[in-house]
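Subject: A structure for you to look at

Hi there,

Here is the structure I promised to pass on. Please open it next to this email and follow along as I go through its salt bridges.

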Amino acid sequence: VDGNLYLNWLSWATLQWSGWVSLGNAGGGFATTPSMVIQQNGNTVITAVGADGNLYLNWLSSTTSQLSGWENLDSAGGGLVVVPAGGATSPISQPAPTPDPPPTQPVVGSGSATDCNNISGTWTDNYSDTFSLTQSGNSVSGSTTNSNPICGDVTWTITGQVTGSGTFSLTEFNPMPAVDACGHTVQSGQTATVTITGCTTAQETYTGPSPGGSSFAGGGSGSGGGSTEAWTRLAPPTVQITAADIVSDSINITLTGGGIDTLTVTLNGTTNGVINPFSITLAQESQGPGTHTYHFGRTSLQPGEYTSVTATWNGATASTGSNFHFNLIGYTRFSQYNTPYENKCGPANAFAYIYRTYKYNPDPTGKLPMCYWESAPLNSQFMNQVTTNGTGISSQYGPLKSWGAIQMCGIPKGAKVDGTNTYFAIAPNVGVTGTCNGKLSDGSGSTAGYNGSNPQSGSIATNPDPHGPSATWACSDMVLLINSSGQNDSRGLRWAQDLCPVCSSGFGSSYGNTDAHIDTYNSGAGCTSKSIGNDFGNFYAIRLR
Amino acid sequence: MNHVFLSSRLKAAAFTFCLTFSAFGQIVQKRPEICGSPGGVVPVPPAITAISDRSQGISQLSLKIGDSVASLQLSAIAIEQVCPLPQGKLLVVGETGGADNVNIVSQTTGALLDSFYAWDPVISPDQHWLIMRKFYPVHMDVPYTEEYLLYDLTKDKAGNRLSGVSLDDSEEVGRTVYPVGLENTVGDNTNVPEDKTHRFYSDSFYWAPDSKAVVFADNLQGTLSIVLVTVNGNETKTYVHPVTMAEGCGDPSKPNTSTYDIQVSHPEAGAQQGTDREIRIPIRASAPVCKVTGVILHSEDFQPAKVESYPPHQFPPSVRAPEP
């Protein structure tokens, strides 16, 4: 109890017991149970490894009955390894391989564009005349109002043409009223040229044919051909994609500064297998300033990589930045897999070889050697499942991985030569991991022994392996699931975390005319990795990267 | 792994058993490509039924032999395909949730002649060969590589294992045809150097009609290759053709295939014509800038596969815990 070694020996000479004699301890305490041998000459040799890792020796002389006291024999090979006797202890908590990158967060695209050389907008001259103009291609239309506190307001219709970059020729006609309140007949057919000099400034030159009665002529009466006026407008026509979000299926567009014009919203990308980029028109309709919302039409898109949303209005084209993109994998079968549990297979009926320590799970005290194993009973069906699946939860050890899944120690002597009854004990805190080395989750939020709290986002297994050279899948990829009604799956996004070797098949006409196959992790327990019988469902799958 | 039971008695019980099987024991035959009939129909040989317990991962295959019923318990959650073979044998492939559970069964005695794990086995048209990928677990912590194996269906267990490999070994079965240099030793396809990790990039193996060649696609660290294995008697030779971007993507300006995933589907190996064999390969690139394309290759387009090797695993000595 006090950590010291006690010895009691029988003397051949006297046939008397010596009584208990304390030998004290060595090296700061015994790290092993001391061992004792009696040599041919009758001397008793006691050895033990101290807590300092050195070997200590104490011997009792058969002739003098004297103890030598503990002698430090030092250590070899960097320290002595202690192999304790006894049954299983809890697997040791150690880090597993570093998990691959965290998931990509969905990108909300945005962009803005202004066309200062587009004349669209509401302009005002020095005389408070207003010009509401809309440019459509090379044509200009609109109206102008001349405010006269004495003879009343007159409004003309305006037409015009683009004559160069930022230059226009305009004509006003059809005055209303034709005769103003002072009895004057209002002129029609007055013309002007306008040159845009800045986003909010322009210079207008009255070009005739006769003075008077024109907004172009300044103050209504004008001073004849050749007179100039400065125009200003509050804002040039601006189209802004404030948020293009494939997850919420919304494209929010804010239009300012222009008049009513055709707003065209397009989704641009490249369909898988087609070399030429293309654009899909999502909306094309007349819109004035304000905020407008459109949708992607997610369930009618073709599989492929989509790289931008553009919106064109009043000559300005806004595009989402280069960080906005998504890939429609297609209508996808999501099967389910789980981790085998021994307690769902039945009682232990066979023996397995369990590695307790290895590269990813060394003994933190440094006393247990690498590749330290023990024999333990396991259920044979469970063993088959762990061998083929790679991972399983045993009743005694918690998470196990098959020999082939880790292969950091040789096959123990006596075990099956193909390694099919050799396993590695995984530290419980490491839990169930996939090829990306992260803990697998089904995203349900429910606590499950070796899956933590199953946080969002749930794990999926893909083909090709996300942890590898594949361009299709990476360990940071997220997947959005959309049902056939166009609604997001309420169980949330999924995260590529594992390999599904069989997912290059298992889709097509036999599975609801699906284009692809992804395996979804489920933390439910079963004897086999396919104990969750039903598929997760068929969804339009969009990869977010 | 599997167990055989042969009952020559209790005919009534066996009859009842078979009735039970007939209710629940239909074999779906969902993977006819294994039998060499992709897209075709391979009927279940007569008097064979199976019943599966998915929850326990066990399937029981029953063969009616004369007045007896032989039952085999297989480590499979379902029997997916049964292929008749010459010499009164059957190839029975079961689903495990991971690799295929491949069994060779005597139709005349009900004996289990061989049983092993592999991925995507496909029988040659002359039913002499079985090409497959070596077993590895579904979920792994260490890098793995594909290792393509050829199994001689005319030989027994011993004839399909290297000398020194146990007859009970359920993974090191057949001989390696690619990567050249691997020898199908225990665990030689897992925990391998990252730059040696081959991946299977076609949806199946495709045999030539004369069974003297099989083609498939393989990706080694981003380089896609068409692999051609020729079989002449007992001798095999392996050739590769690295797919260029012009072939794989229709756009030679793309620098290399590592940027894209290019899948090969249904390559068609034509008949031998002298020293030549034409191979038509439809290629579908997942890369958006690529277009659907295809190439026709001839024998001269292939080069002998390079020998690949890496040092055998060196493990720390295994230490057994003392008995309690």
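One cut-off to start with: a residue is called buried when its relative accessible area is under 20%, exposed when over 50%, and partly exposed in between. By that scale B:Lys30, at 42% relative accessibility, is partly exposed. Please keep in mind that this is a predicted model.

Why look at charged residues at all? Side chains of opposite charge can pair when their charged atoms come close. Over all chains, the count of salt bridges comes to 22.

In chain A, A:Asp535 and A:Arg333 form one of them, with 2.7 Å from N to O. A:Asp535 sits in the loop between strand E32 (516-526) and strand E33 (537-544), while A:Arg333 belongs to strand E23 (residues 326-340), so this pair ties together parts that are 202 residues apart in sequence. A:Asp535 is partly exposed at 33%, whereas A:Arg333 is buried at 12%.

Now back to B:Lys30. Its salt bridge with B:Glu80 has the closest N and O atoms 3.9 Å apart. B:Glu80 is in strand E5 (residues 78-85) and B:Lys30 in the loop between helix H1 (11-24) and strand E2 (48-53) of chain B, so parts 50 residues apart in sequence are tied together. B:Glu80 is buried, with 7% relative accessibility.

Also in chain B, B:Glu278 and B:Arg280 meet in a salt bridge at 3.1 Å, N to O. B:Glu278 is partly exposed at 26%, and B:Arg280 is partly exposed at 40%. Finally, salt bridges that share partners join several residues into one network, among them B:Lys30, B:Glu80, B:Asp100 and B:Arg133.

Happy exploring!

How values were computed: Residues numbered from 1 in each chain as written. Chains lettered and ligands numbered in written order. Predicted model: local features only at pLDDT ≥ 70, side-chain atom pairs only at ≥ 80, totals over all residues. Heavy atoms only, no water. Salt bridge = Lys/Arg side-chain N within 4 Å of Asp/Glu carboxyl O. Helix = DSSP H or I, 4+ residues; strand = E, 2+ residues; numbered from the N terminus. Buried < 20%, exposed > 50% of the residue type's maximum accessible area, 1.4 Å probe, protein only.
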